[in-house]
Amino acid sequence: MSGLNEKTEISKREDRSSVSHNETYPKPSTDRGSFENINAKLANPLAGISHEQLMEDAKVFAETHGMEDLALEFQKGALVAQDPTAFESLSLLDEDDKNVLRRELTHKWDQPKMLYYLVVLCSMAAAVQGMDESVISGANLFFAPQFGIDTRGQSSSSRNAWLFGLVNSAPYLCCAVLGCWLTHPLNNLLGRRGTIFVTGLFSFLTCIWQGVTNSWEHLFVARFVLGIGIGPKSATVPVYAAECAPPAIRGALVMMWQTWTAFGIMFGTVACLAFFPVPDKPGITGLNWRLMLASAGMPALVIIVQVFFCPESPRWYMLKGRHRDAYQSLARLRKSPLQATRDLYYMHVLLEAEKDISKERNKFFELFTVPRNRRATLASFIVMFMQQFCGINTIAYYSTNIFSQSGLSDQESLIASWGYGMINWLFAIPAIYTIDTFGRRNLLLTTFPLMTIFLLMTGFAFYIPEGSGRTGVVALGIYLFAMAYSPGEGPVPFTYSAEAFPLYVRDIGMSFATAVLWFFNFVIAITFPPLLAAFQPQGAFGWYAAWNAFGFVVVLLFVPETKALSLEELDQVFSVPTHTHAVYQLKALPRNIKKHIFRMKVKEVPPLYEHEGTIGTRMCAPGDAGHV
């Protein structure tokens, strides 16, 4: 196959101006059957600067920000940041320095204990989130008839279905209209750790509040306020993890959010099973469901105690001009001072470029008006929207009702829901490895077709007469769907959105992404009961199966790969025009189907990106950016 030999060079200046609307576009191919050779060279912003000048710049940076004692380390770090693959030839580095960098390449999981302690914090925050979401599934069986909004049996009505959905969806309505938009002011005022502390406190208090409500209106209000604990936390924790993690394992560490959210969902069903047989006490009606809802607040206490033992995000310190604190924070998260100064200086270079961009501009509107930001916003919107419209939370919130409709008793439905939660968690664990090897985009493209098939299987199973194996097929379809969801659309959206936006709009961008997620979560939660009543299970599951097929198409066209790149290098990835990316993927699709599905021998196509001299991947393999 022939194509243009022309390559798009995105240099330091072009990288900066990618946020000022000037971009380099490849010329269209004149050969219809060929690929456009959109081989975008993603150059390091420090490339082209002489070693002498770079060392002088690093020295000035250290002295200007009160780190004169670290001037030599910053000079070393700047040289390594300029070309991380060429450290062997740097005479300024001693053998100990080089051994540290060699080990970083060969033992990427050899990280400081503090980094893993931070991972534990983020994982616990995610587990709280999962419990907040899943305990309602068991409580649904009891509070609905007690408060007169039952959707089962003779008391069922269209009004009850909508009110039942409204109570379930209340936290996500709050997240969409209020909670997520508090992320930026809270982070700006309190930092990442302070925001996590405040939201953990809200989660604890509102979970207890849910347990003492006396009407559906009261429960709705308590759950609505719970959204203040869910929204900012869901936007902050993945960003916090992304800003503290080294590029080589960032995806795996950030995706701990979804892995342990899945664990929280599973543990929430365990709590529901544990409190299911609790009898009412004198003066207390519905003690079992009250304990279910209140139990989700207990892990939040652990977060409140734990969070300030972790270092603050170095990038947040940099935004506040606290460079010494940023270094000290990063030094606790890296194995050596050289790695800390390298990452800090590289961060400084990008922040300096962003200062001119961010002055006196509306950052929210720049998510849509600046091409680089708009592409990140589009991709984040797609993955967040599809996490909801793939149908997963219809099962998370209403699994007991679904299993009950398939013919199980209430307690059997809770046990079946526990099985779903366990599978959802266990099959998220492999993604810790695959998200940084197989890639974010490839995980989505592989799992969307499978989720489509398994949802159709679940829906069609309701055509089987009751007592003839219907329950088993329904459970199998839901479990297989969870197996496909957990390593793909489960961990990818939060990981992807946390890393996609440039630093100067990262809080706003993540607020937008999570607001999208929680708004459509609200839509799913409030509409599924009436949808189930109107369409029946066959139509309801078929509806979401169609959305999964749609998800495959939009991810293929509009979601670029981001694995193993530094947060700064992603500015350059998102500088490739949307049309260029979409055309490349369409032309690559037939070749990828032949190779990966039919196992045929086909010619390789040129990769979409090359990464030269950057902190992340050195060279993008053909399958990394441009292949299914």
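Of the 144 residues in the largest nonpolar core of this predicted model, Phe 143 and Tyr 420 touch the most other members, and the largest share of this core, 24 residues, comes from helix H24. A nonpolar core is here a set of buried Ala, Val, Leu, Ile, Met, Phe, Trp, Tyr and Cys residues joined through side-chain atoms within 4.5 Å, where buried means under 20% relative accessible area, exposed over 50% and partly exposed in between, with a 1.4 Å probe and protein chains only. Because the model is predicted, local features need pLDDT of at least 70 and side-chain atom pairs count only at pLDDT 80 or more, whereas totals for chains, interfaces and linings use all residues. Residues are numbered from 1 along each chain as its sequence is written, and side-chain values use heavy atoms, with hydrogens and water left out.

- Leaving aside neighbours within four places in sequence, Tyr 420 is in contact (heavy atoms within 4.5 Å) with Ile 265, Ile 392, Ile 395, Ala 396, Ile 478, Tyr 479 and Ala 482.

**Leu 118 and the cysteines**

- Leu 118 is placed in helix H5, which spans residues 113-146; helices (H or I, at least four residues) and strands (E, at least two) are DSSP runs, numbered from the N terminus.
- With a relative accessible area of 2%, Leu 118 is buried, and, not counting residues up to four places away in sequence, Leu 118 touches Tyr 240, Ala 241, Cys 244, Cys 310, Pro 311 and Leu 333.
- Leu 118 and Leu 253 are 135 residues apart in sequence, and their C-alpha atoms are 9.6 Å apart in space.
- The structure holds zero disulfides, a disulfide being a pair of cysteine sulfur atoms within 2.5 Å; for Cys 244, the nearest cysteine sulfur is that of Cys 122, 7.6 Å away.
- Cys 310 is likewise in no disulfide, and the nearest cysteine sulfur to it, that of Cys 122, is 7.2 Å away.
- Cys 244 is buried, with a relative accessible area of 0%, and Cys 310 is buried, with a relative accessible area of 0%.

**Cavities**

- The structure holds ten cavities of 30 Å³ or more, and the largest cavity has a volume of about 140 Å³.
- On a 1 Å grid over the protein atoms alone, a cavity is a set of points where a 1.4 Å probe fits but cannot get out, and lining residues have an atom within 4 Å of a point; grid points are joined across faces, edges and corners, and a volume is the space filled by probe spheres set on the points.
- The largest cavity is lined by 17 residues, of which Glu 133, Gln 258, Thr 261, Gln 387 and Asn 393 lie nearest its centre.
- Elements that give two or more residues to this lining include H5, helix H10 (256-275) and helix H24 (506-558), and the largest share, four residues, comes from H10.

- Gln 536, a residue other than glycine, has a positive phi near 65°; Gln 536 is placed in helix H24 and is partly exposed, with a relative accessible area of 42%.
- Arg 599 has a positive phi of about 55° although it is not a glycine; Arg 599 lies in the loop between helix H26 (578-596) and strand S3 (609-612) and counts as exposed at 65% relative accessibility.

How values were computed
On a 1 Å grid over the protein atoms alone, a cavity is a set of points where a 1.4 Å probe fits but cannot get out, and a pocket is an open set with protein on both sides within 12 Å along at least five of seven lines; lining residues have an atom within 4 Å of a point.
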